[in-house]
Amino acid sequence: MDAVFIALFFFFTVVGFATFYLQRGIGNMAEPMRQFGLFLLNKAPAGIVDLFNDDKGSGSKTWMNLGMIWLTFAAIGTFLALWHDYDATALDSLASIGWEYDDGSALATFVDVTLMTGLISILVGGGLVAAARAGAGRLASEANASLTGLLFSVLTISSMLLPTILGLVIDLTAENEALIQDLFMHALRSFIIIAVMINVLLTVAQRKGDIISASNWFMFMALASFIFGSQFRFFGELADSTQTVWLGERMTQSWALIALIFSVAYHVVPRAASRPIWSDSMTKASLLLLFFTLPPFMLSSADAGTLLENLGAILMTLALLPIMAGSVNIIMTSLGNATGVVSRPGALAATLAMVFFPLYAIGGYFTSLDVFIGLGALNDMATTVDVGFMWTVGGLMAVACVAESYPLAGGRKLASSSSASPSTSSSHPWEALLGLPILN
């Protein structure tokens with residue numbers, strides 16, 4: 001339990017100083033630090049960055065392209081997993097070409113890795129578009145953004161295949177295989193995200209005004225959570241500190257993913273609605289409370305004492321507040337110009353994601369609480385809610401990135417606009433948003 005509090009204190013101390021100087025600036029050191037940051041992005045990986053295109057929007061598009069590829073494999077894996085749950089002998093005929101289903105754990109791990117990697121990749125791409133619009137219209141280094149997107153995927157593939165390949169050459173123990181996976185999946189990938197963080201900070205530093213948008217704050221906190229959470233998971237495994245590993249999982253899976261979802265939503269919906277954010281207070285509540293609570297998604301047993309379990313249950317209850325606040329804030333913003341939102345598929349997808357988000361949060365609260373305290377009676381239902389959340393809310397936000405942020409990064413428009421036909425005769429905003437008659 002002490003390890004958790006020490007890790008959280010370290011995280012919030014570093015992030016607190018970073019946010020203070022991000023908002024206030026660092027005075028005369030700003031320009032030297034900017035030049036040093038550009039050197040790290042453009043020159044430190046000697047010769048490699050030059051292989052990538054530095055055109056406007058290329059970095060964001062690379063992240064989203066790779067994210068779409070990962071989500072394609074995740075969809076195939078999810079279909080196979082559901083098929084096998086229904087009929088365990090469904091693909092036994094493929095045994096002649098090497099198919100082996102075992103107990104389903106390998107396929108489940110494949111789905112988890114590909115789905116999470118796909119969502120993070122595509123949402124990071126959407127967040128980079130928001131950061132570029134807040135700065136000079138482009139990232140500080142588009143080429144480095146493309147490089148980091150590719151390396152992020154390469155390291156993920158390496159973590160999945162390298163232990164198997166090495167196992168054919170040398171005799172690896174289970175501990176060594178886990179160590180190799182943790183090294184590539186957590187430690188090295190976090191260094192890739194550090195480069196993305198530097199790119200975002202240098203881009204946002206070029207903003208015209210003093211105010212940093214909510215989208216960029218969520219992007220900053222998402223990247224910080226992923227960096228520290230990945231390091232906590234890697235070093236926690238080395239030190240055999242299960243509590244530190246558990247905290248790292250929550251930071252990389254819950255905090256980072258939800259913050260990226262809000263980052264894209266706070267950029268896409270207000271832009272499509274041509275309206276400011278509905279409530280500044282709800283924006284601050286969703287931003288601050290998210291990282292002081294325990295979101296009810298992708299939870300595992302805390303395996304801790306009564307004090308920590310009770311504290312976790314309280315924080316899980318409070319976690320509904322930032323999710324509700326952020327969702328209501330986005331929905332009310334979209335209702336300010338529902339016709340404009342419906343006419344843009346990406347904005348409509350983001351708004352629908354915010355409609356479903358609280359529903360999954362409430363369902364996840366009851367199922368994850370059972371998992372968290374270690375009862376295990378609702379493990380299967382909790383997994384169903386988690387998968388549903390990632391494919392429904394995460395999938396809709398992926399559509400928002402593809403349909404709204406991707407064309408914006410390329411400076412183009414969709415081949416065709418939304419085919420929805422909102423009602424223009426009624427003054428009720430929900431009628432315009434959903435295209436359905438509202439009975440008074």
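Ala400 sits in helix H14, which covers residues 379-410; helices here are DSSP runs of H or I with at least four residues, strands are runs of E with at least two, and both are numbered from the N terminus. The model is a predicted one, so local features need pLDDT of at least 70 and side-chain atom pairs count only at pLDDT 80 or more, while totals for chains, interfaces and linings use all residues. Residues are numbered from 1 along each chain as its sequence is written, and side-chain values use heavy atoms, with hydrogens and water left out.

Back to Ala400: this residue is buried, with a relative accessible area of 0%. Buried stands for under 20% relative accessible area, exposed for over 50%, and partly exposed for anything in between (1.4 Å probe, protein chains only). Setting aside neighbours within four places in sequence, Ala400 is in contact with Gly346, Ala349, Ala350 and Ser405, where contact means heavy atoms within 4.5 Å. Thr351 is 49 residues away from Ala400 along the chain, yet their C-alpha atoms are separated by 9.1 Å.

Zooming out, the chain has 15 helices and zero strands. Of its 440 residues, 50% are buried. Among contacts with a separation of 6 or more, 83% are between residues 24 or more positions apart.

Helix H7 runs over residues 214-238, which makes 25 residues, and reaches 36 Å from its first C-alpha to its last. That is close to the 36 Å expected at 1.5 Å a residue, the expected span being 1.5 Å times one less than the number of residues. H7 is largely enclosed by the rest of the structure, because 22 of its 25 residues are buried.

Most residues other than glycine have a negative phi. Asp240, however, takes a positive phi of about 55 degrees. Asp240 belongs to the loop between H7 and helix H8 (242-273) and is exposed, at 65% relative accessible area. The loop between H8 and H9 holds Ser274, whose phi is also positive, near 55 degrees. Ser274 is exposed too, with a relative accessible area of 56%.

Helix H9 (residues 280-290) contains another serine, Ser286, and this one is buried, with a relative accessible area of 0%. A polar atom of the Ser286 side chain lies 2.8 Å from the backbone oxygen of Thr283. Beyond four places in sequence, Ser286 is in contact with Phe218, Tyr266, Pro322, Ala325 and Gly326.

On the outside, Leu289, Ile314, Leu318 and Leu321 form a nonpolar surface patch, with about 340 Å² of accessible area together. Patches take residues with over 30% relative accessible area and no salt bridge, joining like charges within 9 Å and nonpolar side chains (Val, Leu, Ile, Met, Phe, Trp, Tyr) within 5 Å; a salt bridge is a side-chain nitrogen of Lys or Arg within 4 Å of a carboxyl oxygen of Asp or Glu.

Methods: Areas by Shrake-Rupley, 256 points an atom, 1.4 Å probe, with all protein chains shown as cover. Polar contact = N/O pair within 3.5 Å; in protein donor to acceptor, adjacent residues only side chain to side chain.
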